[in-house]
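Reader: Can you walk me through this one? I'd like to start with the packing.
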Amino acid sequence: MHSAGTCLEAAAGGPTLRPLATFASDPFPQPSLTIFQTKAYAAASATAKLASTRIPRRDPTARDVQIEILFCGICHSDLHSVRNEWSSVMPTTYPIVPGHEIVGRVTKVGAAVSKHRVGDLVAVGCLVDADRTCPQCKRDHENFCANGVFTFNAPDAHLGGVTYGGYSQSIVVDEHFVLRVPKNLDPAGAAPLLCAGITTWSPLRHWGVGKGKKVGIIGLGGLGHMGVKFAHALGAHTVVFTTSANKRDDARRLGADEVVVSRNADEMLRHVGSFDFLLDAVSADHDINAYLNLLTNDGTMVLVGAPEKPLNVSAFSLLMGRRTLAGSIIGGIAETQEMLDFCGQHGITADVEVIPIQKVNEAYERVLRSDVKYRFCIDMASLQAEGS
Ligand SMILES: [Zn+2]
Ligand SMILES: [Zn+2]
């Protein structure tokens, strides 16, 4: 059972998809492009392990930034894509290089780049492009753009084929989609902010979580542990819901004012009708009505995890108290920068277990057992040891 939800699980049924067929097999990369090779880890099929390889990257064009990748977090979406578990909505093109929690150093910039300089500590999240002209893009919601381009396994307009993600030595991205990382943050702990961080930050901000609000975080995995840190730092009275009593101390350490073991009916009853906001980061099947009933009048519960099967929602859970059930997926570029700046001011990073890339397949098995506190992060220096 997975207690932690993941960003793109929600995207699987969302509006940000476009048919791969019209883009993926473009045999005509732009003729002016120069290409270089970089080391990476890729999976050759849905059943293959990730292994060392080389992939092409474009030399930076006018608005591109070339980044030497220092760290890349492991998101559950990486596993889903590598194993083609979302084949019905987002089929995987092999080889796949996953990874969208990227922190690195700028090594080269195009002539028109103004936002970043060589040597800057920067980050790339789930998106590397969008049309930038649609109403969503104009409102800084690139995450809702119908032509958004995901960091891996999305049509690559420059090179043809699909985009390759962060399990690699370097990446080249348009400057608009490159974020600044505050210098005081540990770069390994900062990497998961780019997916787990923004996925929880965006709904907390959108629904005005802050002082005087009672906020619940459901599930204490990769997403949930970031939700607790943010809700606490934003000044809300923060309550963590977990299925395991042995997570109590950890939840408090992360910033929880109270911890509720959700299997304990008495503990749950004590909170009925009292929450302004609930963030549901659970991707396993669970009783959503038990949580909706904890909301006060006009309270909102937001899903950021995506259980495989539809959730059973009782109309009465919403009718009583005019409650709202909503969802949210990653965030726009401006709010991602806002989150990173907030993390810099408050010294917030993810709790990570740093691994060499040679342990990535083992880490995947541990992610499936929820055996990580709370995010794996790959130290990309370990890729140097792979064959040249
Ligand atoms: Zn992710
Ligand atoms: Zn757009």
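This is a predicted model: local features need pLDDT of at least 70, side-chain atom pairs count only at pLDDT 80 or more; totals for chains, interfaces and linings use all residues.

Reader: Core first. How many residues are in the largest nonpolar core?
Author: The largest nonpolar core has 111 residues. Ala123 and Val124 have the most contacts inside it. Strand 3 (residues 64-73) gives the largest share, 6 residues.

Reader: Where does this core lie relative to domain 1 and domain 2?
Author: It lies between them, because both domain 1 (10-195 + 351-385) and domain 2 (197-327) give residues to this core.

Reader: What does valine 124 touch?
Author: Setting aside residues up to four places away in sequence, valine 124 touches Ile67, Ile102, Thr151, Ile171, Val173, Phe177, Val178 and Leu194.

Reader: What about the span of helix 6, first C-alpha to last?
Author: Helix 6 covers residues 222-233 and reaches 17 Å. That is close to the 16 Å expected at 1.5 Å a residue. Just after helix 6, glycine 235 has a positive phi of about 95°.

Reader: And helix 5, how many of its residues are buried?
Author: For helix 5 (residues 196-206), 9 of 11 are buried. The buried ones include Trp201, Pro203 and Leu204. Glycine 208 follows helix 5, with a positive phi near 65°.

Reader: Strands now. How do strand 11 and strand 12 run?
Author: Parallel. Strand 11 and strand 12 (residues 258-261) are joined by 4 bridges. Valine 240 has valine 259 of strand 12 as its bridge partner. Between strand 11 and strand 12 the chain passes through helix 7, and this β-α-β crossover is right-handed.

Reader: Last one. Why does valine 149 count as buried?
Author: Because valine 149 has 23 C-beta neighbours inside 10 Å, and the cut-off for buried is 20 or more. Valine 149 sits in strand 7 (residues 149-150).

Reader: Which residues is valine 149 in contact with?
Author: Leaving aside neighbours within four places in sequence, valine 149 contacts Leu127, Val128, Asp129, Ala130, Ala154, Pro155 and Thr163. The C-alpha atoms of valine 149 and alanine 130 are separated by 5.8 Å, with the two residues 19 apart along the chain.

Definitions and conventions: Residues are numbered from 1 along each chain as its sequence is written. Chains are lettered from A and ligands numbered from 1 in the order in which they are written. A residue is buried if 20 or more other C-beta atoms lie within 10 Å of its own, exposed if 12 or fewer, and partly exposed in between; C-beta atoms are placed from the backbone. Helices (H or I, at least four residues) and strands (E, at least two) are DSSP runs, numbered from the N terminus. The expected span of a helix is 1.5 Å times one less than its number of residues. A nonpolar core is a set of buried Ala, Val, Leu, Ile, Met, Phe, Trp, Tyr and Cys residues joined through C-beta atoms within 7 Å. Domain bounds come from an automatic or database domain assignment. Two residues are in contact if their C-beta atoms, placed from the backbone, lie within 7 Å. Two strands pair if DSSP finds at least two bridges between them. A crossover is right-handed if, with the strands pointing away from the viewer, the path from the first strand over the helix to the second runs clockwise.
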